[in-house]
Amino acid sequence: MAITSAIGRERTTFDSVTEVLAKANERKTGDELAGVAARSDAERVAAKDALSQLTLETLRENPVVPYEDDEVTRVIQDTVREPVYERIRDWTVGELREFLVDSNTTDEDISAIRPGLTSEMIAAVAKLMSDMDLVLVASKLTVTARCNNTIGEPGRLSFRLQPNDPADDIDNILDSTREGLAYGVGDAVIGVNPVTDNVATTTEILEATRGIIDEYEIPTQNCCLSHVTTQMDAIREGAPADLIFQSLAGTEAGNDEFGVDVEMLDEAYELGKKRCSSAGPNIMYFETGQGSELSGDAHHDVDQVTLEARCYGLAKRYDPFIVNTVVGFIGPEYLYDGKQVIRAGLEDVFMGKLHGISMGIDACYTNHIQADQNDIERLAMLLATAANYFITVPMGDDVMLNYQSNSYHDAASLWELHDLRPAAAFEEWLEEMGIMHEGRLTEKAGDPTLFAGG
Amino acid sequence: MTTTNPPNDHDDRLDRIADRNPSRLGVGRAGSRPRTETLLEFRSDHGIARDAVQSHVSDALVEEMGLFAVQTLVEDKDEYLARPDKGREISAETAELLREECQQSPQVQLIVADGLSSMAIEKNIPDLLPILLDGLDQRGLDVGTPIFVTYGRVDVMDAIGEELDAESCLVLIGERPGLATAESLSAYMVYGPERGTPTAKKTVISNIHAGGLPPVEAGAEIVDLIAEMCDKQASGLDLTAADREFAKG
Amino acid sequence: MVFDPPTDAATLTSVGIDVGTTTTHVVVSELAVESAGGSGTEKLAIGDRTVRFRGPVHETPLVDPETVDIDAVSELIASDLKTAGVAPEEIDTGAVIVTGETARTANAEPLAHQLADESGSFVVATAGAALEAILAGQGAGSAAYAADSEATIANVDVGGGTTNTAIFDPDGVVETRCLDVGGRLVGITDGKITKLADPARTISEAHGLGLSVGDPVDRENLSALAAAMAVLVIDSLLGPPYDPLTRQLSIGSLPDEPQAIDSVVFTGGVGRLIGEYTAAAEGDLFAYNDLGPLLAAELADAAADAGMTVTRLSEDLRATVIGAGTHTTQLSGRTVFIKADLLPLRNLPVLSAGSLADIDSGELAATFSMVLSQATQRHDVRDIGGVAIAIDDIGALSYDRLREVAASFAAALQDGYPASVPIVVVTEQNCAKALGQLLRARCADRPLTVIDELAVSTGSYLDIGEPIAHGETVPAVVKTLVFGS
């Protein structure tokens, strides 16, 4: 299928929708490493031009991985509500962009066409959008989800408290939890990445986090981010998990690398609906990140933005409470520097919310990427009104995963900057604890000894 | 003047939390922001980690350790970070040079590669390499010309091992720095190196640094593993002992 | 021999068997085990100790004055344990301690081993003078007094055959200083000298007193002998420098550095007579048929002359060993140097070289030689199957430093440790494999094992099991003697 663009000095021809999608991407080292990136800036823009003229129908008819070869494709295609799709199938990607950014287009208007969109369409429009476009549209989309509290309501910004410890030391995890709570974070989830992926550790972490939630009657949810099968075993044995977690990829082969498939995720979801200790109904938590498919050699020569969108298409099947991209974790061979990380973060949050999922972001970086704390503070400021939540760790330093993210401190700064509040029930609790007053930290805030123990 | 909330109250408990916990806890705040000292400590640790990635192993060390120096296809640090594929390969000219200058068909080919932390090389190699060479000698193993690779990835061992027809190959390589330490080194070993050998066929020891597995002890441990590899003619998952968990502490 | 470490029980059933010069008895106790410190270098801590059974005091059966009747002792113990209702399989741990002059009889070590073999969980301790000194100080309360008063206390246990001094500071035993001086070195019956043991004869000759067996009692001469003995005891506390006679009569080596002492506590059969007799006193100075009262009187004078503060504590009992505290099995570091055919090893007494961090490479060999000579002096290493040398801190874990340590240790072994006897090195730092490799290059033929990431100290005993986890780690049980009174 030849697709051409007449923009610029010369006519450019592309062989496939997949090629156009890849070359229309903003520059990413991961696409270059995969050998699918535009060879020049001119070619990049030509691809964007070609893409802008493709219809949504062309994208629907040309999934980047064939329907029969890939269960993620099947999940995405089978979810499309045909009457809605019929209404928009003739739209070009360029028209979709203009519809989204139009000031007269409301959140409800977008929700109305959402069931007709596929992940490839959403990825395509993201590639046409500037950074400001992405923030503008993501900010006007409201996606709420409910577990023990409600996340994503207008005027609210939540945070995951991530009290990881390099030895899974429960006392250390609880110290870090207390400190985070004292800064007002933790309304999205108190979620721990364990070093040791087994049932015993998972259970111990779930019981400890559940213990402090119960003791102080905190309106939030806990989660231990071990492999989904480990969590399922722990839950079957009675471990108190409010959310079930799994990392997702945008292809069947990528998920195979993670040791999961749709059947397993379906089983986890069904188990969670019956056995999770939370009120629900949204009980799933997923993490994603551009480049993970390529790192597992499961990318099918597809660009990393399109594959990322497909993760959200899969996640949506499980009506998750929260989903976040771990945007800067993967390394400079996929996202080279702060600029690429910021762009990817904006794309991911936009694409997640357009999918209709409760989207957050782990704005982060490793020490071998060309970025520093300023880059992710900048990303957080850009997304404060667009994302449902951010990840926070003590002073931005996760000593277990060996990377940096936003700090506990950043939460209150972002609330202050944008006049935002935590999730309503959580804010009320913070007021009762004397940590927050009228949306600002009190004098007492920040002191972990507010909570007994340790 | 900012409103500060230094950890005045419950000092003892706060101190205990701050002391025992590896995370940066009990740090207080200035308004909603970190206190200046805390902020600068964090930036300093990141600066050290960045420098470890960006700096180069000194020629003096390469010379002192008696290493034969070559470079991968990578031209500079920026390319190194973006192109792992180029960090795994050497040019035809370099391969030719190796064949001319280095021992052919050794039992053990030893490689030191800068990887993501030159500091890991500078800090650990002077204690690790001598005991490693001692031990390999004690075991009567024939060790080839030790090589230093600039801009090397782990799998450069496959290319060099293949070119020199080595029976087994070892690469000592700087790990991605964390804020806690920028000096951590890994050792990857493979029996029968050839291009494209999957990671599962490699034996690894990680977390080698003064605060983890001490470099001298790692050197002696590597001797045992290489001897076992050569004895059983296997490495990685193929070697029964390869599923051992080495990282400690 | 089966390696059968105690279970993870929080309470251990422990048996203490004390075979003394005159008496033998058995105590069964329950010891509460408490964990102290982090993993890897976990130190043993025994909390509550409850005596469950205290056997009758038997006279130690002797075949002749030089030989303990091993079979008779075994029978006594077996019968006591039966009375106590303790089945052998219930016993988690225990200690056999052969004390006093019995420990110096020809068959002391075989005795201890036979008793120990009857239950493999036993620590064997043929108490030398040093352990006697510590037992005395523990029992008399000097150790506790040093801790409470934050002072340095010399507990001078003056008995029949020996004077065993243990110096305690608030943290525990500092050192021991022991002499062949005691009240029963001279025997007196019916106005005549009936016994004059070698040390007494030596002192008599050195001072030209001309005493010999069969002489009628000459109060003046005997007082002079007692005074000479007292001076030697005080000299041993004050030195160095030491009187040549003090050195000659010392048991084991005397410390090379003087030790400031705040107060002296006299204990033991002779020690408790101090204050009851004075040198000038008339009366029945020979009521015990020995030199005890005279020696007590002279000691009081000599201490006063030296300006020492003498403290009396209300307790004056000899502590007894009520067993061995053991912890649950610990694992060594994951990289060790072992000769698998040597393992398991059991009941190796530990001698610590302490921290080497401040010791220059030139002095390492001397340090190791000293520890090894202590080991061979205190223990018949051939008979007990080896010793463990602990190193708390090697210093910087550099290749050069480790090579120096290995070379010095190999040299010290060469000089003073039998080549065929197992030797275990235990380091707290993670460096066993490296040190082992370096040692192998220097003493390839020795039965040597190096394990790491364990904290053990002098006076404890070590069991090492066969390697687990692909030979990367060994289980170890550290036992320490537990004292009661």
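**Figure 1. T163(C) counts as buried, because its relative accessibility is 2%.** Buried means under 20% relative accessible area, with a 1.4 Å probe and protein chains only. The model is predicted: local features need pLDDT of at least 70, side-chain atom pairs count only at pLDDT 80 or more, and totals for chains, interfaces and linings use all residues. Residues are numbered from 1 along each chain as its sequence is written, chains are lettered from A and ligands numbered from 1 in the order written, and side-chain values use heavy atoms, without hydrogens and water.

**Figure 2. Strand β10 of chain C holds T163(C).** The strand covers residues 163-169. Strands are DSSP runs of E, at least two residues; helices are runs of H or I, at least four; both are numbered from the N terminus.

**Figure 3. Surroundings of T163(C).** A polar atom of the T163(C) side chain lies 2.7 Å from the backbone oxygen of V181(C). Leaving out residues up to four places away in sequence, T163(C) touches V156(C), D157(C), V158(C), R177(C), C178(C), L179(C), V181(C) and V233(C). Contact means heavy atoms within 4.5 Å.

**Figure 4. Chain A has 21 helices and 17 strands.** Its radius of gyration is 21 Å, close to the 22 Å of the globule rule for 454 residues, so chain A is as compact as a globular protein of that length. The radius is taken over C-alpha atoms; the rule is 2.2 Å times the number of residues to the power 0.38. The C-alpha trace spans about 70 × 45 × 45 Å along its principal axes. Of the 454 residues in chain A, 67% are buried.

Terms used:
Buried means under 20% relative accessible area, exposed over 50%, partly exposed in between (1.4 Å probe, protein chains only). A polar contact is a pair of N or O atoms within 3.5 Å; within protein, one must be able to donate a hydrogen and the other to accept it, and residues adjacent in sequence count only if both atoms are side-chain atoms.
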